[in-house]
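Grab a pencil and work through these exercises with the structure open beside you. Each task comes with a solution in steps.

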Amino acid sequence: METAEAFAARAAREITDRLRAALAVRERVALALAGGETPRAAHLCLARLPDGLEAEDWERIEFFWGDERLVEAGDSGSNVEAARRDFLDPLAIPERQIHAPRKGIEPDRTARDYEAVVRSVLSGGIGDVPRFDLVVLGVGADGHTASLFPGAALHSGRLVVPARSSSSPRDRITFSFELIAAAREVLFLVAGEAKAAIVQRLLAEADPTLPATLVRPTSGRLSWLLDEGAARRLSSR
Ligand code: 6PG
């Protein structure tokens with residue numbers, strides 16, 4: 001059975017491979033990170049892979065977050081602060097490459113402000129939707145992804161929207177389905193037996209009531225990285 005550490009390293013290599021491929025064809029690369037324990041475990045490995053990216057590669061990457069919890073600075077619930085601890089600080093990534101949502105303003109304003117940041121840093125895209133090179137996502141046991149919870153609007157007309165979680169921290173902002181769909185690469189990272197049931201509903205049944213089912217890149221590639229536990233209920237046929 002693959003250990004959690006081995007899965008995290010495998011996930012980090014998948015992220016690294018996608019970033020390397022993007023760096024080969026574009027001067028600047030836009031990466032959107034996820035929160036949650038599974039994505040975080042992969043983030044931790046990014047700075048430690050023996051065959052990982054070189055310093056001059058990291059210098060060409062712009063870091064964003066697919067969602068963030070609206071918590072006070074220093075609060076452990078922040079996805080941004082977790083990523084800083086996990087690998088941005090260890091890699092000494094300069095602030096000019098780190099594009100985090102502003103703190104201390106109300107959710108809808110935070111979302112609109114972050115959308116403006118995304119638009120100002122990323123140029124080009126499908127129609128007027130900027131294209132991320134890679135969006136990393138996790139999946140919750142209820143089928144949410146980023147902070148797109150069941151019932152989230154599929155077409156919001158916006159790139160970043162406020163969200164309200166049933167669990168604390170409740171106030172969030174999240175990439176919309178439209179922004180995720182414009183990405184060149186979307187990579188889901190799902191691990192643990194506890195996710196086997198939702199993975200079956202997502203991948204075997206394509207349950208349309210689940211937000212993660214509704215993530216459909218317009219022309220990019222969608223990949224799922226599952227450990228044995230999460231894949232348990234998928235038929236091996
Ligand atoms: C968040 C994430 C969320 C997370 C999933 C999976 O801010 O919490 O963006 O979408 O990725 O809930 O989290 P786990 O891997 O910890 O189950």
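Helices (H or I, at least four residues) and strands (E, at least two) are DSSP runs, numbered from the N terminus. The model is predicted, so local features need pLDDT of at least 70 and side-chain atom pairs count only at pLDDT 80 or more, while totals for chains, interfaces and linings use all residues. Residues are numbered from 1 along each chain as its sequence is written, and side-chain values use heavy atoms, with hydrogens and water left out.

**Exercise 1. Find Ala146 and say whether it is buried or exposed.**

Step 1: Go to the loop between strand 6 and strand 7, where Ala146 is found.
Step 2: Check the accessibility. Buried means under 20% relative accessible area, exposed over 50%, and partly exposed in between (1.4 Å probe, protein chains only). Ala146 has 13%, so it counts as buried.
Step 3: Look at the backbone. Ala146 has a positive phi of about 50° although it isn't a glycine.

**Exercise 2. Which two residues does a cis peptide bond join?**

Step 1: Look in the loop between strand 7 (160–164) and strand 8 (171–175), where you'll find Pro169.
Step 2: The cis bond joins Ser168 and Pro169, with omega at about -5°.

**Exercise 3. Work out which side of helix 2 is buried, and what it packs against.**

Step 1: List the buried residues of helix 2: Thr38, Pro39, Ala42, His43, Cys45 and Leu46.
Step 2: These residues cover an arc of only 160° around the axis (taken from the directions from the helix axis to the C-beta atoms), which puts them on the same side of helix 2.
Step 3: Find the neighbours, where contact means heavy atoms within 4.5 Å. The buried residues of helix 2 pack against several elements, among them helix 1 (4–25), strand 1 (29–33) and helix 4 (79–88).

**Exercise 4. How many residues of helix 4 are buried, and what caps its N-terminal end?**

Step 1: Count them: 8 of the 10 residues of helix 4 are buried, so the helix is mostly covered.
Step 2: Name some, including Asn79, Val80, Phe87 and Leu88.
Step 3: Their cover includes strand 1, helix 2, helix 3, strand 2 (61–65) and strand 3.
Step 4: At the N-terminal end, Ser78 is the cap, with a side-chain oxygen 3.2 Å from the backbone nitrogen of Val80.

**Exercise 5. Where is Asp207, and which residues does it touch?**

Step 1: Asp207 has its place in the loop between helix 7 (196–204) and strand 10 (221–226).
Step 2: With 14% relative accessibility, Asp207 counts as buried.
Step 3: Leaving out residues up to four places away in sequence, Asp207 touches Arg201, Leu202 and Thr213.
Step 4: The side chains of Asp207 and Arg201 make a polar contact (2.6 Å). A polar contact is a pair of N or O atoms within 3.5 Å; within protein, one must be able to donate a hydrogen and the other to accept it, and residues adjacent in sequence count only if both atoms are side-chain atoms.
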